[in-house]
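User: I'd like to learn how to read a structure like this one, feature by feature. Can we start with the core and work outwards?

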Amino acid sequence: MMNNHQLKKLLLNNGANLVGYASLQVLPAVVRKKLPYGISIVVALNPAIMTKIRSGPTHEYYAEYKRVNTLLNTLSAMAADYLKKQGARAITLSATESDLDLNTLAVPLPHKTVATRAGLGWIGRCALLITRQYGSAVRLTSVLTDAPLAVKEPEEQSFCGECTSCLDICPGHAVSGKIWQVGAARNTFFDAFACHRAATEKANAVNIKTIICGMCIANCPWTLKYTG
């Protein structure tokens, strides 16, 4: 068995906030690149910055977004290097979702799927990962491997309850209000294209040249427990 504790300690000591190990064998082999396990690496966004985007994105938030993406890519490379030195195969998935299909606004294997399989959180009505510790004020990445990891039980239940904060605040009306169900297609509860349009407008309004919003993140009650 791989030394799970040592790898997790390495990642946490270098900036990760949560690390989880997942069995991915229930997923199609092609999306997991024929590797049976996944490592989910989570970094929390700066709470002071998140409190300032409840009405829309800021340049400070965009800088934090880029900082955390860079850190995540460093951490995933670190994990892959560790695994390879132990004789295992390892493939990193970019934190910036470079393999995004613009026709579907989806990737073959979302990081949030690996995270839920690792028991780190659930998917909210806004189609984002929600963690108990940081709400949805997180960015994440994944490493696929054949290392024999001691995996956790997957999270298969939503803890959003009756909350509709993301539905109420979304400027693009992308949130249907339906609760996430394991295996449900994203478009059954969330309109990614409406989100994409609204986030583009919000970013352009403050001269940010990328697609970023964050309002549902900042206003989520689970996030508010973290940011205060």
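Analyst: Happy to. Keep in mind that this is a predicted model. For a core, the idea is to look for buried nonpolar residues joined through side-chain atoms within 4.5 Å. Here the largest such core has 53 residues, and the members that touch the most others are Leu-7, Leu-11, Ile-39, Ile-41, Tyr-61, Leu-83 and Val-143.

User: Which elements each supply at least two residues of this core?

Analyst: The contributors are helix 1, strand 1, strand 2, helix 2 (47-50), helix 3, strand 4 (122-123), helix 6 (192-205) and helix 7 (215-219). Helix 3 gives the largest share, ten residues. Apart from this core lies another one, with 18 residues, among them Leu-27, Leu-35, Val-114 and Leu-129.

User: Let's zoom in on one helix. Which residues of helix 1 are buried?

Analyst: Helix 1 covers residues 4-13, and its buried residues are Asn-4, Leu-7 and Leu-11. Now picture looking down the helix axis: the buried residues of helix 1 fall within an arc of 75 degrees, so they line one face. Turned away from that buried side is a face with the exposed residues His-5 and Asn-13.

User: And what do the buried residues of helix 1 pack against?

Analyst: Their packing partners are strand 1 (18-23), strand 2 (37-44) and helix 3 (59-85). To see this at the level of one side chain, take Leu-11. Skip its neighbours within four places in sequence, and Leu-11 is in contact with Ala-16, Val-19, Ile-41, Leu-75 and Ala-79.

User: What comes after helix 1?

Analyst: Check the backbone angles there. Gly-15 follows helix 1, and its phi is positive, near 120 degrees.

User: How do I judge the length of helix 3?

Analyst: Compare its end-to-end reach with what you'd expect at 1.5 Å a residue. Helix 3 has 27 residues and spans 39 Å from first C-alpha to last, close to the expected 39 Å.

User: On to charges. How many salt bridges does a search of the whole structure find?

Analyst: The search finds five.

User: Is Glu-64 buried or exposed?

Analyst: Glu-64 counts as buried because its relative accessibility is 6%, under the 20% cut-off.

User: Which pair links distant parts of the chain?

Analyst: Look at Arg-132 and Glu-155, whose side chains meet in a salt bridge at 3.5 Å, N to O. They are 23 residues apart: Arg-132 is in the loop between strand 5 (129-130) and strand 6 (138-145), while Glu-155 is in the loop between strand 6 and helix 5 (165-169). Arg-132 is partly exposed, with a relative accessible area of 39%, whereas Glu-155, at 14%, counts as buried.

User: What does Lys-52 form a salt bridge with?

Analyst: The partner is Glu-60, and the closest N and O atoms are 3.6 Å apart. Lys-52 counts as exposed at 51% relative accessibility, and Glu-60 counts as partly exposed at 38%.

Definitions and conventions
Residues numbered from 1 in each chain as written. Predicted model: local features only at pLDDT ≥ 70, side-chain atom pairs only at ≥ 80, totals over all residues. Heavy atoms only, no water. Buried < 20%, exposed > 50% of the residue type's maximum accessible area, 1.4 Å probe, protein only. Helix = DSSP H or I, 4+ residues; strand = E, 2+ residues; numbered from the N terminus. Arc of directions from axis to C-beta. Contact = heavy atoms within 4.5 Å. Salt bridge = Lys/Arg side-chain N within 4 Å of Asp/Glu carboxyl O. Expected span 1.5 Å × (residues − 1).
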